Amino acid sequence: MIAITQRHVHDAAVPPLAGDPPAADPPSPPPSKDDFQEELVIRPLHSGDIYASFQFRTVWDADFMGDQKVSHYRLFPKSLGQVITKFSVRELHISFTQGYWRTMQWGQPYLPSPPGAELWVWFQDTVTDVDGTWKELTNVLSGIFCASLNFIDSTNTVQPSASFKPLGIGNVTDHSFLRYATLPREIVCTENLTPWKKLLPCGSKAGLSVLLKSEKLFHSTFHSQAVHVRPVCQDPQCRTTSMELRQTLNVVFDLHTSGQGKREWSLFKMFSRTLTEACPLASSSKVYVDVTDNPQGEQFELSPATPLLTQAVVLGDRRTYSVYDLTQQASFGSSRSLNMLLRWKNSHNNVVPPVMLRPLLHSERYVAGYGLQAGEIHTLIYNHHPYRAFPVLLLSAVPWYLRLYIHTLTVSSKGKDNRPSYIHYQPSKDRERPHLLEMLLQLPPNSVTEVTVEFERALLKWTEYTPDPNHGFYVGSSVISALVPSVVAMDTNSTLDRPLFSSFFPCKEEASYFMRVYTEPLLVNLPTPDFSMPYNVICLTCTVVAVGYGSLYNLLTRTFQVDEPSPGLAKRIANVIRRFRGVPLL
Amino acid sequence: MGLLSDPNRRRALIGMLTRLNAPICMICYMAGVAWFMGLAFEPFTLRTYMSENAMGSTMVEERFPAGERALATGREFAAHKKKTGGMPVDWLVRTMQARGLEVYTQRFSRKLPFPDEDKERYMVKGTNVYGILRAPRAPRTEALVLSAPCSPGNENNQAVGILLGLAQYFRSQIYWAKDIIFLVNEHDLIGMQAWLEGYHHTNTTGMDWSPLQGRGGSIQAALSLELSSDVVTSLDLVLEGLNGQLPNLDLANLFYAFCQKIGVLCTTQGKLPRNDWDTTSGYSHAVQTMMLMVLKQASSRPWGDHGLFLRYHIEAASIKGVNSFRPYKTDATTVGRLLEGMYRKLNNLLERLHQSYFFYLMPSLTRFVSIGYYMPAFGLLALILLLRALDLWVQLSSPPTRTTEDACPPLCPLSAPQPASPGVLSILTPLVISHLTGVALYTLPVLSQELAVEHFPVSETEAVVLTAIAIYTAGLALPHNTHRLLAGEGTEQGWKVLKLVAVLYLAVLLGCTALINFSLVFPERGLLVGVNDPGLTLLFAVFFFQELQETPVTLQEGWMLYLSVISQGILDHALYGSLLYPLAALLVYPCWLLFWNILFWK
């Protein structure tokens with residue numbers, strides 16, 4: 001499968017590299033327009049770590065959903081395009097993550113993802129056998145991404161009713177066309193990175209993707225790569241749709257292990273490469289550095305300096321970025337290579353003690369109790385907003401071998417019962433489907449909401465245990481989807497560089513923003529037999545049956561009667577003689 | 001079985017068993033004791049070996065460099081501890097944060113049922129501080145714990161120093177696959193209990209604690225470090241936990257393997273492994289080590305901070321630094337390297353420690369006796385009781401049939417005897433009375449302490465202990481002949497039935513105890529040898545333990561120790577849920593009262 005993927009990508013990437021732009025090809029019918037953008041955002045984190053987020057976006061004005069077959073691929077990877085066409089996929093979101101995003105230290109990620117693999121797909125409403133298509137699709141994707149997505153089956157697939165709405169255009173909201181699955185145990189490594197890189201038009205040859213060297217990417221604290229395919233509007237009127245492919249890669253480098261404890265970051269230190277050119281196929285290629293906390297350069301020094309600044313509201317917060325446009329030669333300076341350097345000013349005390357952040361929304365989850373019979377799953381959801389309550393959707397999919405006692409479900413905040421306004425619960429079926437629990441909760445301001453539910457650990461059949469049963473069994477992350485009041489809307493008092501007329505009413509279009517938070521996956525030990533035992537048990541059972549039962553049965557069914565003791569030899573001879581003589585026997 | 005279906009042979013067998021009952025019991029007893037003592041004999045035991053593949057063959061390199069700095073941190077910790085007069089919470093939080101850990105604190109408070117005079121505490125309030133080293137690219141599902149107690153006085157400062165030193169060193173390594181939790185607990189076991197209950201969100205002992213903010217998933221293994229000197233001569237491994245639970249033997253193997261690799265002297269029960277098994281002194285050394293383990297296990301109390309982890313199925317052990325007068329010393333860097341090696345191997349674990357034994361005795365650190373080897377010793381002892389019971393049963397059922405032996409078919413002796421003949425009441429009465437006494441022994445001492453303090457010039461602790469002893473002795477003086485009032489004169493038959501019940505009771509009790517805490521059977525076995533009082537057994541055990549520890553005590557000290565052991569036993573039950581006190585009060589003591597009753601039947 002890897003080999004095939006490779007060939008397709010080459011098919012797609014080679015002609016443009018030869019140097020003929022598609023527009024300059026008049027005789028052929030006008031090829032559908034496609035466009036590729038690449039971008040890297042670097043955000044120095046509060047804890048001293050550094051966060052780098054790559055996004056590669058390919059938009060193709062081709063109609064995958066129509067009847068005509070799409071056969072000529074240019075920037076869009078053919079392997080994915082064919083999959084989308086064949087399986088009538090409307091939207092596809094797949095992420096591979098190694099590590100857990102530490103909201104308390106790092107703030108919010110640009111694109112959240114749960115540890116392990118996550119896949120959710122909206123199928124088109126023309127698909128009749130959704131489950132069958134889903135099964136095939138996961139197997140094909142498993143080949144494309146070299147991942148164990150083929151382990152997705154009915155026991156870990158759910159159909160969320162509210163948490164996962166289509167991100168692209170389209171008004172199909174019948175969740176029977178949605179499938180969602182996570183594999184919390186999936187380990188992400190280079191074999192997943194290589195096929196992911198091969199989907200890029202420039203591969204790892206030019207542009208930002210030269211930085212994606214696995215020896216550095218996997219020497220990090222957090223690594224997440226994702227592919228999102230969705231239909232988007234082609235023009236403001238939205239008469240036709242385009243297909244958008246976003247490939248994202250997020251990585252966090254640790255201050256202590258990657259940075260040797262020095263708060264000084266450069267592209268070379270992070271990726272052991274520098275940038276020398278943009279991807280020639282890209283219409284835009286930019287590097288952003290988050291300098292919000294550093295408006296006058298009092299915190300750190302950014303070199304080479306760039307005059308270009310841009311502001312954007314990201315995750316409800318107004319951020320300022322320095323921009324390096326790689327399509328401009330000036331960005332590379334005289335050395336013909338760009339190696340941004342962030343050096344903190346207070347060199348005597350490079351390492352700031354990491355104080356925990358208070359993100360507006362975060363959560364934790366754990367298993368309570370001990371012993372191998374029962375347990376309790378606790379999910380804590382924190383709302384740190386000082387005065388606003390907001391609703392969240394909590395989704396948890398729990399495998400069938402944890403038998404949830406749904407009558408023990410309690411939701412409480414601030415010591416009071418908090419009644420969910422919407423509950424969607426689908427009970428599990430043994431060996432067929434997991435529990436699905438979706439709840440709409442209102443989080444009171446400045447509170448902790450605790451959701452607890454008790455469960456019983458099932459005893460599996462002996463062939464159902466994994467090869468390492470004593471490691472435990474994973475329960476995938478819960479998903480919390482929320483509309484969080486934005487920080488910008490929060491400071492109604494600050495008139496900092498804003499006209500007064502704009503800031504009277506706190507409600508604005510950016511008053512709240514959508515956010516998804518994933519909780520930790522759980523590792524739960526199930527009662528595990530000693531697998532050397534069956535042999536012993538067989539021996540013991542056979543012995544017990546043969547010896548114990550046999551003789552007991554014998555003892556119980558035998559009839560006992562008094563037996564005349566047989567006379568001795570002398571007596572018998574005497575009796576024979578007596579019989580001859582006709583006298584009574586002895 | 002064929003033997004049993006033949007009535008003649010069955011009769012012969014039963015006849016032999018009843019006739020030779022006493023000699024067979026004697027032989028069983030001797031064999032049981034001999035077997036048990038033989039367990040310490042080296043040729044009969046197995047050498048320890050690493051069963052867990054993930055820890056066995058993988059190589060790790062220990063590079064911890066900063067022992068001196070760790071000791072300096074320890075001294076700083078000591079200074080701050082002295083200044084704040086307790087746990088220097090702020091300093092610890094700051095120090096751990098500076099080392100790049102996620103730091104959280106937990107407050108707890110606990111009112112003891114009565115003052116603990118050994119440790120001088122009654123109202124306990126404290127704070128645990130722990131820092132979590134988040135493993136890179138790990139999803140917070142697994143964790144390891146390294147803990148050091150914050151002890152009063154000048155104890156364990158070096159342990160905290162090494163803990164912080166290791167935290168700093170571990171933080172800069174990339175290879176961690178499990179989160180590592182560095183815990184400094186106040187008020188030793190009480191703090192540990194609070195932390196564990198908070199971590200698992202359970203409350204078994206009614207303690208008040210604030211909920212934990214940060215967790216690392218399921219804890220795979222834990223080590224507790226106790227170190228009070230800058231250099232050590234040897235490291236002692238403590239395994240015995242609450243209710244006689246032991247960690248997986250692989251944890252002990254891991255410790256031993258690293259001690260060998262790094263060249264540190266290591267002991268268990270404070271006894272070095274010896275090679276001269278064929279000499280008397282070598283053998284007695286092994287017996288002493290094993291008996292110490294048995295006694296510690298039988299005491300059912302946690303012998304280190306690790307002891308409480310075992311309830312949560314977390315493999316844990318304590319490592320204690322010993323500084324004696326031996327010439328060769330080990331410095332803090334080496335101790336740090338040893339721990340680093342152990343944690344790196346534990347970090348390699350793919351599954352929970354489960355490959356090796358959970359039930360074992362150790363006559364030395366290099367030798368172990370598994371459950372399969374020591375259970376026959378118990379089996380032989382339990383057999384005595386069953387033989388006695390059989391004898392009594394036959395005696396009870398044979399006299400009425402003997403007269404009609406010729407007429408009745410030989411099945412008769414085994415057909416239903418007449419247990420009802422002495423009257424259920426006369427058997428039930430002593431049973432109920434002795435159990436009520438047991439309940440009184442279990443509940444009254446703690447309940448009546450205030451009353452006792454009011455009326456007698458004693459402290460609360462003394463009141464509890466003395467009440468317990470008083471109820472205990474009063475139990476002996478109880479009019480056990482009440483059955484006579486109800487059912488008339490105690491008959492020979494009734495006596496035998498009661499004895500049969502008592503013997504079977506004891507057999508069941510011993511059998512169940514052996515499954516839970518094997519070592520506890522041996523003190524209980526004292527009951528077998530005639531009328532041996534549980535109180536005296538405990539007293540004897542106290543002296544024997546001191547003797548084995550090579551700190552013999554005088555009678556006076558021994559008595560004081562005895563009193564404190566009783567109060568500690570009651571406290572262990574209240575604070576950590578140790579089962580020894582309820583077991584002794586509710587089951588062993590009534591059982592023994594039954595025997596006492598038998599003695600005074602007529």
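Chain B contains 21 helices and 12 strands, where helices (H or I, at least four residues) and strands (E, at least two) are DSSP runs numbered from the N terminus. The radius of gyration of chain B is 28 Å, close to the 25 Å given by the globule rule for 602 residues, so chain B is as compact as a globular protein of that length. The radius is taken over C-alpha atoms, and the globule rule is 2.2 Å times the number of residues to the power 0.38. The structure is a predicted model, in which local features need pLDDT of at least 70 and side-chain atom pairs count only at pLDDT 80 or more, while totals for chains, interfaces and linings use all residues; side-chain values use heavy atoms, with hydrogens and water left out. Residues are numbered from 1 along each chain as its sequence is written, and chains are lettered from A and ligands numbered from 1 in the order in which they are written.

The C-alpha trace of chain B spans about 90 × 60 × 50 Å along its principal axes. Of its 602 residues, 57% count as buried; buried means under 20% relative accessible area, exposed over 50%, and partly exposed in between (1.4 Å probe, protein chains only). Among contacts in chain B between residues at least 6 apart in sequence, 81% join residues at least 24 apart, a contact being heavy atoms within 4.5 Å.

Helix 10 of chain B covers residues 280-298, which makes 19 residues. From its first C-alpha to its last it reaches 26 Å, close to the expected 27 Å; the expected span is 1.5 Å times one less than the number of residues. Helix 10 of chain B is largely enclosed by the rest of the structure, because 14 of its 19 residues are buried. After this helix comes B:Ser300, with a positive phi near 65 degrees.

An unreviewed UniProt entry lists residues 20-41, 371-390, 500-520 and 579-601 of chain B under "transmembrane region". UniProt positions are given in the numbering used here, feature names are shortened, and annotations may be inferred rather than shown by experiment. In the model, residues 20-41 of chain B are 82% helix and 0% strand, with end C-alpha atoms 31 Å apart. Residues 371-390 of chain B are 100% helix and 0% strand, and their end C-alpha atoms lie 27 Å apart.

Over all chains the structure holds two disulfides, a disulfide being a pair of cysteine sulfur atoms within 2.5 Å. One of them joins A:Cys202 to A:Cys279, with an S to S distance of 1.7 Å. This pair links distant parts of the chain, 77 residues apart: A:Cys202 lies in the loop between helix 5 (190-198) and helix 6 (214-217) of chain A, and A:Cys279 in the loop between helix 7 (267-271) and strand 10 (284-290) of chain A. The link is right-handed, with 70 degrees about the S-S bond, and both A:Cys202 and A:Cys279 are buried.

A disulfide is also formed by A:Cys233 and A:Cys238, whose sulfur atoms are 1.9 Å apart. The torsion about this S-S bond is about -65 degrees, so the disulfide is left-handed. A:Cys233 is partly exposed, at a relative accessible area of 32%, and A:Cys238 is partly exposed at 31%. With the bonded cysteines of chain A numbered in sequence order, the pairing is 1-4, 2-3. A:Cys189 is in no disulfide, the nearest cysteine sulfur being that of A:Cys146, 12 Å away. In chain B, the sulfur of B:Cys512 is 12 Å from the closest cysteine sulfur, in B:Cys591, which is too far for a bond.

In chain A, five strands form an open antiparallel sheet in the order 15-16-22-18-19. Strand 15 (361-368) and strand 19 (416-417) of chain A stand at the edges with a single partner strand each, so one side of each has no neighbour in the sheet. Two strands count as paired if DSSP finds at least two bridges between them. Strands 15 and 16 of chain A run antiparallel and are joined by eight bridges, and A:Ser363 has A:Ile381 in strand 16 of chain A as its bridge partner. The hairpin of these strands has five residues between them, and in it A:Gly369 takes a positive phi near 95 degrees.

Strand 16 of chain A (residues 374-383) is largely enclosed by the rest of the structure, because eight of its 10 residues are buried. It is joined to strand 22 of chain A by 10 bridges in the antiparallel sense, with A:Ile377 opposite A:Val453.
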